[in-house]
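This report goes through a single protein chain by topic. It starts with conventions and then moves from the whole chain to individual residues.

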Amino acid sequence: MRVVIAGAGSVGRSIARELLVNDHEVTLVDRQPSAMRVAQVADADWLLADACELPTLREVRADECDVMVAATGDDKANLVISLLAKTEFGVPRTVARVNNPKNEWMFDEAWGVDVAVSTPRIMTAMVEEAVAVGDLVRIFTFHQSKADILELTLPQDSPLAGLRVGQVAWPDDTVLACIVRDARPIAPSPDDTLEGRDELLFVTGREADEAALQHVLTHGPATS
């Protein structure tokens, strides 16, 4: 997968390192010479230029990339980069960093943003996760599809503990996507047994009923 990351600060470099570990092709772009810390991500391609300008996006072959990541510290720049990537180069997927939570409402499909990542929101979700065992926590929303990723840690005495995944009738438009147990992700099959302290990750669509899901998780499901 080809990924162009606009913004070579600590956030952009961290993303690049993770992608490179997974054998993706990465290009980092930044207009600040001080950001050109090439030795820190030596396997990436680097370009000193302004990603808000069309010639720069042409130079990094934005039309050939699979994902454009707008990870600068300037929300205006991240919106412009996402919009140009989507409208001028047809990039299939754009991911934009939201620096100021007050601007989050603008990061949607109208500005070419498929996924908006707000660090304060993620940090809040992680805090809520740490203190709210048994409660659903929304990790983030895909702005284009309006699908959500929800997380819940099963209490030790959960009515789901001991049941097989296939015995649980989840609400419509709700999919159990992953079970995390002892820091190990498990792709759930109908025969996997749920245990107390499991972290469950759900993907829910537009028509999902979160209240119904919370009820199943709290009071136990109908079984099949």
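## Conventions

Helices (H or I, at least four residues) and strands (E, at least two) are DSSP runs, numbered from the N terminus. The model is predicted, with local features needing pLDDT of at least 70 and side-chain atom pairs counted only at pLDDT 80 or more, while totals for chains, interfaces and linings use all residues. Residues are numbered from 1 along each chain as its sequence is written, and side-chain values use heavy atoms, with hydrogens and water left out.

## The chain as a whole

The secondary structure comes to five helices and eleven strands. The C-alpha trace spans about 60 × 35 × 30 Å along its principal axes.

Burial is expressed by relative accessible area, found with a 1.4 Å probe on protein chains only: under 20% is buried, over 50% exposed, and anything in between partly exposed. Of the 224 residues in the chain, 45% are buried. A contact means heavy atoms within 4.5 Å. Among contacts with a separation of 6 or more, 56% are between residues 24 or more positions apart.

## Nonpolar cores

A nonpolar core is a set of buried Ala, Val, Leu, Ile, Met, Phe, Trp, Tyr and Cys residues joined through side-chain atoms within 4.5 Å. The largest one has 23 residues, and Leu57, Met68 and Phe107 have the most contacts inside it. Two or more residues of this core come from each of strand E1 (2-6), strand E4 (67-70), H3 and strand E5 (93-98). H3 gives the most, with five residues.

Pockets are found on a 1 Å grid over the protein atoms alone: a pocket is an open set of points where a 1.4 Å probe fits, with protein on both sides within 12 Å along at least five of seven lines, and lining residues have an atom within 4 Å of a point. Grid points are joined across faces, edges and corners, and a volume is the space filled by probe spheres set on the points. The second largest pocket has a volume of about 270 Å³.

Its lining has 21 residues, of which Asp30, Arg31, Thr72, Gly73 and Ala77 lie nearest the centre of the pocket. Helix H1 (10-21), strand E2 (25-30) and helix H3 (75-89) each supply at least two lining residues, and H1 gives the most, with three. For classes, Ala, Val, Leu, Ile, Met, Phe, Trp, Tyr, Cys and Pro count as nonpolar, Asp, Glu, Lys and Arg as charged, and the others, Gly among them, as polar. The lining then has nine nonpolar, seven polar and five charged residues.

## The aromatic pair

Rings of Phe, Tyr and Trp (its six-membered ring) pair if their centres lie within 6.5 Å; planes under 30 degrees apart count as stacked, over 60 as edge-to-face and the rest as tilted. By this rule there is one aromatic pair. Trp170 and Phe202 form it in an edge-to-face arrangement, 5.1 Å centre to centre with 70° between the planes. The pair links distant parts of the chain, with Trp170 in the loop between E8 and E9 and Phe202 in strand E11, 32 residues apart.

Thr174 lies in strand E9 and is buried, at 9% relative accessible area.

## Loop residues

Most residues other than glycine have a negative phi. Asp182 has a positive phi, near 55°. This residue is in the loop between strand E9 (174-181) and strand E10 (184-186), and counts as exposed because its relative accessibility is 75%. Arg197, also not a glycine, has a positive phi of about 80° and lies in the loop between E10 and strand E11 (199-204).

Arg197 is touched by Gln156, as are Ala161 and Gly196, not counting residues up to four places away in sequence. Gln156 is in the loop between E8 and E9 and is exposed, with a relative accessible area of 56%. Gln156 and Asp198 are 42 residues apart in sequence and 8.8 Å apart in space, C-alpha to C-alpha.

Lys146 is in the loop between strand E7 (137-141) and strand E8 (148-153). Lys146 is partly exposed, at 33% relative accessible area.
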